[in-house]
Amino acid sequence: MTPVLNETTCIKCGGKLTQFDIGLHRKLINRGATEFMCIPCLAKKFKVSEERMWEKIEEFRDWGCTLFPPKDNK
């Protein structure tokens, strides 16, 4: 039986996930993950603020990480 990807809800709180949640989980926890935590739950796990998590996402994107959606170039 093929494992089902849980890309819609957080494995801790059940909240709806975004590409940012999935990307950050893969970057910080496991690149090959099939279940994910949302940013608030990841922040709790690492004992940092959600704001700090968003700063890291911006930093990773600036470095060229493709796990996150690109910035809008408007």
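Q: Contact means two residues have heavy atoms within 4.5 Å of each other. With that in hand, which residues in α1 meet which residues in α3?
A: Please keep in mind that this is a predicted model. On the α1 side there are Phe20, Leu24, Lys27 and Leu28, and they meet Met53, Trp54, Ile57, Phe60 and Arg61 in α3.

Q: Let me zoom out. How many helices and strands are there in the protein?
A: It has three helices and zero strands. Read from the N terminus, the order is α-α-α.

Q: How much of the protein counts as buried?
A: The figure is 34% of its 74 residues. As for the surface, the protein exposes about 5,300 Å², and 52% of that comes from carbon and sulfur atoms.

Q: What about the inside: which residues in the largest nonpolar core touch the most other members?
A: That core has 18 residues, and Cys10, Leu17, Leu24, Met53 and Phe68 are the ones touching the most other members. The elements giving two or more residues to this core are α1, α2 and α3. The most comes from α2, which gives four residues.

Q: Then which residues in α2 are buried?
A: Ile39, Cys41, Leu42 and Ala43 are buried there. The cover over the buried residues of α2 includes α1 and α3.

Q: How do the axes of α2 and α3 cross?
A: They cross at roughly 105 degrees and come within 9 Å. These two helices are therefore roughly perpendicular to each other. In that contact, Ile39, Pro40, Leu42, Ala43 and Phe46 of α2 meet Glu50, Met53, Trp54 and Ile57 of α3. Eight of the residues are nonpolar, one is charged and none is polar.

Q: What follows α2?
A: Lysine 47 does, and its phi is positive, near 55 degrees.

Q: New topic: where is the place of histidine 25?
A: Histidine 25 lies in helix α1, which covers residues 19-28.

Q: Is histidine 25 buried or exposed?
A: Buried, because its relative accessibility is 4% and the cut-off for buried is under 20%.

Q: So what does histidine 25 touch?
A: Leaving aside residues up to four places away in sequence, histidine 25 touches Asn30, Ala33, Glu35, Phe36, Met37 and Leu42. Leu42 is also one of the buried residues in α2.

Q: One more residue: where is the place of phenylalanine 60?
A: Phenylalanine 60 sits in helix α3, residues 50-62. With 8% relative accessibility, phenylalanine 60 counts as buried.

Q: Which residues does phenylalanine 60 touch?
A: With residues up to four places away in sequence left out, phenylalanine 60 touches Leu24, Lys27, Leu28, Cys65 and Phe68.

Q: How many residues apart in sequence are phenylalanine 60 and lysine 27?
A: They are 33 residues apart in sequence, while their C-alpha atoms are 8.9 Å apart in space.

Q: What share of contacts in the protein join residues at least 24 apart?
A: It is 42%, taken among contacts between residues at least 6 apart in sequence.

Methods. Residues are numbered from 1 along each chain as its sequence is written. This is a predicted model: local features need pLDDT of at least 70, side-chain atom pairs count only at pLDDT 80 or more; totals for chains, interfaces and linings use all residues. Side-chain values use heavy atoms; hydrogens and water are left out. Buried means under 20% relative accessible area, exposed over 50%, partly exposed in between (1.4 Å probe, protein chains only). Accessible areas come from the Shrake-Rupley method with a 1.4 Å probe; for residues, only the protein chains shown count as cover. A nonpolar core is a set of buried Ala, Val, Leu, Ile, Met, Phe, Trp, Tyr and Cys residues joined through side-chain atoms within 4.5 Å. Axes are lines fitted to C-alpha atoms, for helices over the stretch in contact, and angles run from 0 to 180 degrees between N-to-C directions. Angles under 35 degrees count as roughly parallel, over 145 as roughly antiparallel, 65 to 115 as roughly perpendicular and the rest as oblique. Ala, Val, Leu, Ile, Met, Phe, Trp, Tyr, Cys and Pro count as nonpolar, Asp, Glu, Lys and Arg as charged, and the others, Gly among them, as polar.
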